[in-house]
Amino acid sequence: MIDVILPELPERELALLSEETPQPSGPRLAGRVVLGGPVALPVTADLVGPDPELLDFLRTEADNAVYHLVHLSVTCARDAPDPVLHSVNLDLSLTAEPVRRGATVFQPVAWSMTPRQLTAEATAPAPAAHLGPRLGFQDGGGTALGERVCLEARRELRSDPGWEIRHTSAVRIGGTYRLAMVVRAPRGAVSRAAVAVGATVREGHALHRFREELEEPLRLAALP
């Protein structure tokens with residue numbers, strides 16, 4: 001196992017426009033959600049070198065696949081006015097294009113994601129994430145019977161991964177959530193990660209949806 005230091009992330013305040021047509025005169029979410037990142041770093045032999053098993057795994061994959069660490073964060077205002085955030089979703093779309101015309105490539109997937117689940121309020125983000133066998137994140141611990149999950153990784157091992165943050169009876173959405181994934185991508189291809197953030201608020205029985213997509217997908221840097 002190795003510890004991966006989570007980098008400082010550039011932040012941007014999201015506008016989060018309503019998905020309703022025509023635009024409603026109700027709640028506005030501008031300024032209530034801040035996205036950190038995304039930032040991608042290649043998984044190299046130098047990175048995993050302290051762990052011989054991880055180094056062997058990277059070498060066995062070298063002919064076909066490359067791996068990238070993608071880091072993001074979502075910060076939600078704790079003292080925002082009503083209506084409170086009901087849910088926040090961070091969604092990625094992973095794609096790859098061959099460098100040579102006619103070449104066949106597989107689509108990148110979220111090989112591993114962290115955190116997989118949280119059941120408590122967001123606290124000070126951990127300084128590192130733990131990578132174990134086969135480049136899988138080691139979250140430690142699980143969900144006790146009856147605990148309400150307020151953050152959950154979705155669609156691991158697919159090209160459309162993401163996380164959902166939920167308001168529960170015990171936990172209100174707020175604070176900073178640090179997120180990371182290992183992406184397995186085809187060697188010899190240009191891979192990208194498009195990022196979108198959605199949010200919902202509830203007013204009475206009505207659920208209002210908001211969303212913003214980053215204009216430029218994140219390019220996953222090629223390994224030599």
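Where is P115 found? P115 sits in the loop between strand 7 and strand 8 (117-118). Strands here are DSSP runs of E with at least two residues, helices are runs of H or I with at least four, and both are numbered from the N terminus.

A quick word on the model: it is predicted, so local features need pLDDT of at least 70 and side-chain atom pairs count only at pLDDT 80 or more, while totals for chains, interfaces and linings use all residues. Residues are numbered from 1 along each chain as its sequence is written, and side-chain values use heavy atoms, with hydrogens and water left out.

Most residues other than glycine have a negative phi, and most peptide bonds are trans. Here are some exceptions.

| Site | Feature | Angle |
|---|---|---|
| G37 and P38 | cis peptide bond | omega about 0° |
| T114 and P115 | cis peptide bond | omega about -5° |
| R134 | positive phi, not a glycine | phi about 55° |
| R155 | positive phi, not a glycine | phi about 60° |

P38 belongs to strand 4 (residues 33-42). R134 lies in the loop between strand 9 and strand 10 (151-154), and R155 in the loop between strand 10 and strand 11 (162-166). For accessibility, buried means under 20% relative accessible area, exposed means over 50%, and partly exposed is in between (1.4 Å probe, protein chains only). R134 has 51%, so it counts as exposed; R155 has 27%, so it is partly exposed.

**Helix 2**

Now for helix 2, residues 52-61. At its start, a side-chain oxygen of D51 comes to within 2.9 Å of the backbone nitrogen of E53. The helix has L54, L55, F57, L58 and E61 as its buried residues.

E61 has a relative accessible area of 15%, so it is buried. Leaving out residues up to four places away in sequence, E61 touches Y67 and R184, where contact means heavy atoms within 4.5 Å.

**Nonpolar cores**

A nonpolar core is a set of buried Ala, Val, Leu, Ile, Met, Phe, Trp, Tyr and Cys residues joined through side-chain atoms within 4.5 Å. The largest one has 36 residues, and V70, V74, L85, V88, L90 and W163 have the most contacts inside it. A second, separate core of 18 residues includes V43, Y67, L135 and V182.

Note on methods: Polar contact = N/O pair within 3.5 Å; in protein donor to acceptor, adjacent residues only side chain to side chain.
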